[in-house]
Amino acid sequence: MRLISPASCLVHVLAFLGLGVLVAGLGSQCSAPVTSGTASPSAPFWLEQIQHQGSAPFNSDPSGYKVFRNVKACSPHVIQDYGAKGDGVTDDTAAINAAISSGNRCGSGCGQSSVSPAVVYFPQGTYLVSNPIISYYYTQLIGDAKHLPTLVASPTFQGIAVIDADPGWYINQNNFYHSIRNFKIDVSRMPTGASATGIHWQVSQATSLINIVFQMSTTPGNAHQGIWMENGSGGFMGDLVFNGGKFGMWVGNQQFTVRNITVNNADTAVYGLWNWGWTFQGVTINDCQVGFDLATGSTTQDNQGVGGEAIIDAVVTNTPIFVRNSQPSNGVLHGSLVLNNIRLNNVPTAVGVANGAVLLSGGTTTINSWAQGNVYTGTNPNGRFIQSNIGAINKAGSILDSAGRVFGKTHPQYVDYAPDQFISVKSQGAKGDGQTDDTAAIQAVFDKFAGCKIIFFDAGQYIVTNTITIPAGAQVVGEAWSTILGTGNAFFDYNNPRPVIRAGTSGSQGVLEITDMIFSTRGPTAGAIVLEWNVHDPAGQQGAAGTWDTHIILGGKAGTNLQANNCPTSGAGGNNCFAAFLAVHLTPSSSAYLEGLWVWTADHDLDQGPQVNIYTGRGIMSESQGPVWLIGTASEHNIIYQYYLVNAQNHYLGLIQTETPYFQPNPVPPAPFIPNSAYKDPSLGPGAAWALTVSNSQNILVFGAGLYSFFQNYGQACLDTFNCQQQIVNIDSGSTIQIYSLSTVASQYQISVNGQGIVPNSANRNGFAQTVTAWTRS
């Protein structure tokens, strides 16, 4: 007879009651799983109350530098008082900016740096500002998630935006590590004719906007806007609400993923100035004049318009025009557009041209699938330009929510949880000082408390010399991207790779949530699998196993031993510059919801500046049977591939972004690695990594992709001929996959089948990038 423990009985009861299953076995110090928060409704957000022990060990003043800053300093654990009042009367601009900038952080003249991270916390209140709040590099601005603080622009506000992520200090495509969450931003007191802006967001990867409400004037003809973005290379944003304004969002950026936005009573919900490809997932537009107003028709590198817009799962109500192109296409590609599952309520024009033709009539109806651009099928190299309905976009049922929309899940913040429901790894003996081996201390925290405490990684750099297993049931929260670095003999041999982080054991099921962490290595670590993902979410709990604002960063920053001084572009660093065998492995029995994940093998040094030669064999490999959601993810500069789906099923990818290693074809891949049949390494394209390669995989939907090749052996003359590599996407004949809104840069063939180039970029020039609107098997 098999005896069942009391903890296991409780888990089964909770599952029966629909209260959620964390884990089938709890940590040794647990008596019951944590399933809900215990904080009173009036209590502040837990982040305000917990003890803050975060550190920046590679900062020039590691003992004196403060990572966590409370702008009011009302927490008993905060020493320094920055003096913000949050009373809606006092001008808090100087106090807030002092909280952000103190400690000789990376501001004007810095460019970029990894050694001065900060969390700047705003308690409940109304903060009056008269000039921009400057979001420094490597900063998280976090408001009380239970009682959103309000940032109010004074009537005499002067400056570009209430929050400015780049006052001209940073290179736009390298402006990494910014996150803003949990705010109301109110510019409605400013004159209606002023270009009052909530956030200036010229940013790149590892950036996010989450849970923000923008309040603008509702006076007709006002000039207010929620987000203004003129450049960059992002990025993810989601769970945003825009009320009023001339524009909800005014945006131009290489690529971005936007999930779950609502725009009410704006003149234009989204104005697109330029891009290579954006994906919007889950859009609600109410009582606007135009939904998406797109600057199209510019198809040269010097005059880039909106190259690719992909919109899935939208509801638009009482809005005369849903999508408006600025110029007619005249029968050829002048900006790509894909629409799927768009419900219109009293929207007379679904797609039109400014002062011109109606391309698709609206009304009260649902657009199943519609496209504008060049579409391709199978192995036919000849595409055709369309502005018409297309065949149904097939999606695996397991990736859809109960309403038939692609599932999405907001960044977990444990809003209703109390401080005593968290356990700090530093309080349990981990040092996070970038020197001490924290392997045993970290593993002990998971072994003791997984499933009954939320595991809090105080800001720091945690060295581990063996695999850390995070069991199913664990919930992990970092602080300013707390970093775990694998190093040592365990991760040295690429013939015997092993994981640094093992998320769940093989076949395990349960909740496993990881937020605001970085997983990395200290080289040489040629045998490191940085993140092996084994856990599957429990039945009925979509997205229970996933990561949010969590990244795999390999080299190019202090503490990695993979910097410009030891891994120069000459290749002189040799074997000392191996960063990892494989960045992320989704194993066959896993499911995964990965939002905002950036897998970056560094192309340059954040602290020393120059470009670097660093070697990671493989990017993201998925053998998962699903469901898998890769939402706003990127994988860059890995040797053999950036994304590889093999024997996988039931995946949604939107938008994915890649870059080919700048040094290829010197050496020619797989060098300096060797093929490994145990990891089913794919056949290689000539001279360069695959951005995406798919083998024997079923029910795969790619809804937005930006796949780029900018260099050959650090030279860029190849851009002039649109030929920095020959092939970039490969699909085998046994896979069922659909690809929409694919933009590539300088790959001679944009899509290959069974290793043979099919779709030439010469037919799809669309500004700097080249765009395939749709590719389907038939």
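A salt bridge here is a side-chain nitrogen of Lys or Arg within 4 Å of a carboxyl oxygen of Asp or Glu. The model is predicted, with local features needing pLDDT of at least 70 and side-chain atom pairs counting only at pLDDT 80 or more, while totals for chains, interfaces and linings use all residues. Residues are numbered from 1 along each chain as its sequence is written, and side-chain values use heavy atoms, with hydrogens and water left out.

**View 1. Asp 293 and Arg 324 form a salt bridge, with 2.8 Å between the closest N and O atoms.** Asp 293 belongs to strand β18 (residues 290-294) and Arg 324 to strand β22 (residues 321-325), so the pair ties together parts that are 31 residues apart in sequence; strands (E, at least two residues) and helices (H or I, at least four) are DSSP runs, numbered from the N terminus. Asp 293 is buried at 11% relative accessibility, whereas Arg 324, at 25%, is partly exposed; buried means under 20% relative accessible area, exposed over 50%, and partly exposed in between (1.4 Å probe, protein chains only).

**View 2. Asp 239 and Arg 259 meet through their side chains in a salt bridge (2.9 Å, N to O).** Because Asp 239 lies in strand β13 (residues 236-243) and Arg 259 in strand β15 (residues 255-264), the pair ties together parts that are 20 residues apart in sequence. Asp 239 counts as buried at 15% relative accessibility, as does Arg 259 at 4%, and a network of salt bridges links Asp 239, Arg 259 and Glu 595.

**View 3. Helix α4 (residues 439-449) has buried residues, among them Ile 442, Val 445 and Phe 449.** Just after α4, Gly 451 adopts a positive phi of about 95 degrees.
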